[in-house]
Amino acid sequence: MPVTRLAGVFVATAAFVIGCSEPAAANRAAAAQVTTAPATPFEFVREKMGGPFRIVIYATDREAAERAGEAAFARIDQLDAILSDYRSDSEIVKLSQRTAAGPMTEPVAVSDDLWRVLARGQAIAEQSGGAFDVTVGPFVRLWRRSRELHELPTRERIEATRPSVGYQHVRLDPHKHTVQLLAPRMRLDVAGLASGYVADQVVAAALAAGAVTALADAGGEISVGDPPPGEDHWTVAIQSLKNPEEMTGQYVKLRRACVTSSGDTRRFVEIDGRRYSHIIDPKTGVGLTRRIGATVVCPDGMTADALDTAVCVLGAERGIELIDKTPGAAGRITTIDGEKVTVYESKRFRDVLVNPK
Ligand code: AMP
Ligand code: MG
């Protein structure tokens, strides 16, 4: 397991640069008077959920950090076995398979984790007027096929698939935690919000296993616990949509919160000179063709992650409205039209910005 002890600044492997400055002199003096060793950061990176998953753990020694790291990675595996769309034996895939021969005739009890993700997915589906929709799976399959074959699905194929898509076909019972899927050949896909949930759960697992505080970086989703010792917050840099290797120069401050980003920067398919994002507009059944990306900060990762996808479908103006009306959410949306780059900020976005020390 690669373990790196870091001093001061973290450099992210993917979307972000994490900055964390030295503790203030007053805090250093206070720390010197206590007998316990001060917590320092340890970094762990492993391939999980199709990419590098990075965890930064503050602990008083390496052994304690490794214990917390193991617990955190074990939690990722547990959640992957429930939520992954790529594993034929995951709970969510098996649930969807029950509609292979027709709508489900009975509700089915699901795990707490799947319940939480589906319940939040349905809430955001309603708030976004169906722009965010976890039943979009059959269209996502068509998108993956387009990516392999470099051709779009025919209109007939999209129309034949449409009856299997629609969040109104999911019935949740909040008392019994059961799910009933009411259309044939449905395929639930929670990839639009699951990474934010996993990032939050990884931080929680690390804390429960003794970490002083922790940061989980699932790629485009970063969750944090309390600030590092002596700090006021964690600092995360926002990546540019236009050029993924560049940063925007803006930084957000986080405490027990999550920042997520989405857009067509990395995952898209180009067919006949047109770019189709991996985010599907449930109305058209194909990937978004306008260039748009979003960064969202929320107290919880699931909401931030669902919103970053939802606002891309809604477009900048309606997307900003959705962020503004979601309690605790802040964000920015970038659109690219030819050479023209336009940035839209939500009302609370300036409150979460910070200048790194
Ligand atoms: P994200 O990177 O968070 O925007 O999530 C994108 C993933 O969410 C895609 O790869 C799909 O698996 C799924 N997805 C695509 N379109 C939608 C949509 N309109 N609503 C919900 N999930 C979607
Ligand atoms: Mg998302």
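Colleague: Which residues are the closest to ligand 1, and how many surround it?

Modeller: Ligand 1 is surrounded by 18 residues, and the closest are Asp133, Asp189, Ser262, Ile280 and Thr309. A residue is near a molecule if one of its heavy atoms lies within 4 Å of it. This is a predicted model, where local features need pLDDT of at least 70 and side-chain atom pairs count only at pLDDT 80 or more, while totals for chains, interfaces and linings use all residues. Residues are numbered from 1 along each chain as its sequence is written, chains are lettered from A and ligands numbered from 1 in the order in which they are written, and side-chain values use heavy atoms, with hydrogens and water left out.

Colleague: What atoms of Ser262 and Thr309 lie by an oxygen atom of ligand 1?

Modeller: In Ser262 a polar side-chain atom lies 2.5 Å from an oxygen atom of ligand 1, and in Thr309 a polar side-chain atom lies 2.7 Å from one. Asp133 has a backbone N or O atom 2.9 Å from a nitrogen atom of the ligand. A polar contact is a pair of N or O atoms within 3.5 Å; within protein, one must be able to donate a hydrogen and the other to accept it, and residues adjacent in sequence count only if both atoms are side-chain atoms.

Colleague: How much of ligand 1 does the protein bury?

Modeller: Taken alone, ligand 1 exposes 500 Å², and the protein buries 95% of that. Such areas come from the Shrake-Rupley method with a 1.4 Å probe; for residues, only the protein chains shown count as cover.

Colleague: Which element gives the most residues to the shell around ligand 1?

Modeller: That is α8, with 4 residues. The elements giving two or more are α7 and α8. Helices (H or I, at least four residues) and strands (E, at least two) are DSSP runs, numbered from the N terminus.

Colleague: What are the protein donors of the magnesium ion (ligand 2)?

Modeller: They are Gly192 (O), Asp305 (O), Asp305 (OD), Asp308 (OD) and Thr309 (OG1), lying 2.2 to 2.4 Å from the ion. Donors are N, O and S atoms within 2.8 Å of the metal (3.2 Å for Na, K and Ca); water is not among the atoms, so sites may look incomplete.

Colleague: Why is the arrangement around the magnesium ion (ligand 2) called irregular?

Modeller: Four donors count as tetrahedral if all angles lie between 85 and 135 degrees; four count as square planar and six as octahedral if opposite donors are over 155 degrees apart and all others between 65 and 115; anything else is irregular. The 6 donor atoms here subtend angles of 70 to 176°, and the arrangement is therefore classed as irregular. Gly192 lies in helix α7 (residues 191-208) and Asp305 in helix α8 (residues 301-314), so the pair ties together parts 113 residues apart in sequence.

Colleague: Is Gly192 called buried or exposed, and why?

Modeller: Buried means under 20% relative accessible area, exposed over 50%, partly exposed in between (1.4 Å probe, protein chains only). Gly192 has 19% relative accessibility, so Gly192 counts as buried. Asp305, with 2%, is buried too.

Colleague: What makes His150 partly exposed?

Modeller: His150 has 49% relative accessibility, so His150 counts as partly exposed. His150 sits in the loop between α5 (137-149) and α6 (155-161). Asp272 has a relative accessible area of 81% and is therefore exposed.
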